Amino acid sequence: MDHFKALVQALGSQQVRFVVIGVWGANYYAPSGAATFRTEDRDLFLPPDPDNLVRAWRACEATGFDLRSDAEPLDVPRDRFLADRVVERRAAVRATNRQGLDVDLTLVMAGFDFETVWNERRTFQVEDVAVPVARLLHIVTSKHTAGRDKDRLFLATHKQALEDLLKKQQ
Amino acid sequence: MSVTLEDGLRALRESAELARSIRIELDDEYLRRIAEVEAMPANQSGSDKTWVRELIDASERHLARAVQVR
């Protein structure tokens with residue numbers, strides 16, 4: 001069973017606005033398997049909208065994900081009041097299921113606001129589920145802006161992989 | 001040759017140092033490659049990306065079965 005697909009489907013059913021970002025988002029654009037990257041987690045970028053966030057939490061819980069923030073279980077009740085606090089702090093919430101899949105719900109994407117990313121998203125199909133994904137340009141630019149060690153390692157490998165693949169195709 | 005905890009920690013330190021030394025610029029060449037990839041027919045909205053997950057799942061299953069032989 002594809003737990004990530006089930007979560008994306010549930011988010012769609014709850015009419016949650018989100019886009020896939022990060023390494024997993026970049027993987028959807030890979031011209032071939034040689035340009036895909038393994039990642040321990042998946043990143044979803046959500047707008048700073050408390051109602052949207054509450055719906056996202058409901059979708060996570062409905063598909064068997066536990067919610068944590070700052071390594072502690074997310075407070076209950078998971079209502080509009082709590083969502084207001086989370087949005088105010090731009091706090092990240094991590095959804096984890098029993099199979100070890102980690103999905104980060106983030107309200108921050110370095111260098112971008114949500115509406116810009118949302119308006120230029122692509123929507124890909126994974127079997128019967130529509131997956132909204134940020135533009136590759138936005139993902140790469142954000143990683144460059146964030147500049148963490150893992151981002152630099154990704155950019156170095158990604159740049160080389162694209163160069164190699166596109167040269168082969170020419 | 002057995003791999004010790006110290007070997008593992010040293011490898012992690014070396015990886016961290018390598019990461020810190022890397023400087024990747026979003027130069028014209030990289031941006032042009034990204035634009036080429038984004039423009040591919042397979043990367044337009046509605047494209048089927050089921051293969052991405054299947055490929056990575058298969059890769060992870062393969063790696064999970066790997067054992068060190070020397």
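**A walk through a predicted two-chain model**

Let's start in the nonpolar core: the largest one has 49 residues, and among these A:Phe45 and A:Ala56 touch the most other members. The biggest contribution to this core comes from helix α3 of chain A (residues 50–62), which gives six residues. In soluble globular proteins, nonpolar side chains tend to be buried together. Which residues does A:Phe45 touch, leaving aside those up to four places away in sequence? The partners are A:Phe18, A:Val19, A:Ile21, A:Thr106, A:Met109, A:Phe114, A:Val117 and A:Ala134.

Before going further, keep in mind that this is a predicted model. For the complex, the predictor gives an ipTM of 0.90 and a pTM of 0.89. Chain B has a mean pLDDT of 84, and 97% of its residues reach 70 or more. Within chain B, confidence is highest in helix α2 (residues 28–39), at a mean of 94, and lowest in helix α3 (residues 50–65), at 79.

Now let's see how the two chains meet. Chain A brings 30 residues to the contact and chain B brings 27 residues. On the side of chain A that touches chain B, β7 (122–126), α6 (136–146) and α7 (149–169) each supply at least two residues.

Which residues of α2(B) are buried? They are B:Arg33, B:Ile34 and B:Val37. These three lie on the same side of α2(B), because they cover an arc of only 100° around the axis. An α-helix has 3.6 residues a turn, so residues three or four places apart point the same way. On the other side of α2(B), you will find B:Asp28, B:Arg32, B:Ala35 and B:Ala39 exposed. And what covers the buried residues of α2(B)? The cover includes α6 and α7 of chain A, two helices that also supply residues to the side of chain A that touches chain B.

Finally, visit B:Thr4, which sits in the segment before α1 (5–21) of chain B. Is B:Thr4 buried or exposed? B:Thr4 counts as exposed because it has 9 C-beta neighbours inside 10 Å, and a residue is exposed if that number is 12 or fewer. From B:Thr4 to B:Met40 there are 36 residues in sequence and 46 Å in space, C-alpha to C-alpha.

How values were computed. Residues numbered from 1 in each chain as written. Chains lettered and ligands numbered in written order. Predicted model: local features only at pLDDT ≥ 70, side-chain atom pairs only at ≥ 80, totals over all residues. Helix = DSSP H or I, 4+ residues; strand = E, 2+ residues; numbered from the N terminus. Buried ≥ 20, exposed ≤ 12 C-beta atoms within 10 Å, placed from the backbone. Core = buried A, V, L, I, M, F, W, Y, C linked by C-beta atoms within 7 Å. Contact = placed C-beta atoms within 7 Å. pLDDT = per-residue confidence, 0-100. Arc of directions from axis to C-beta.
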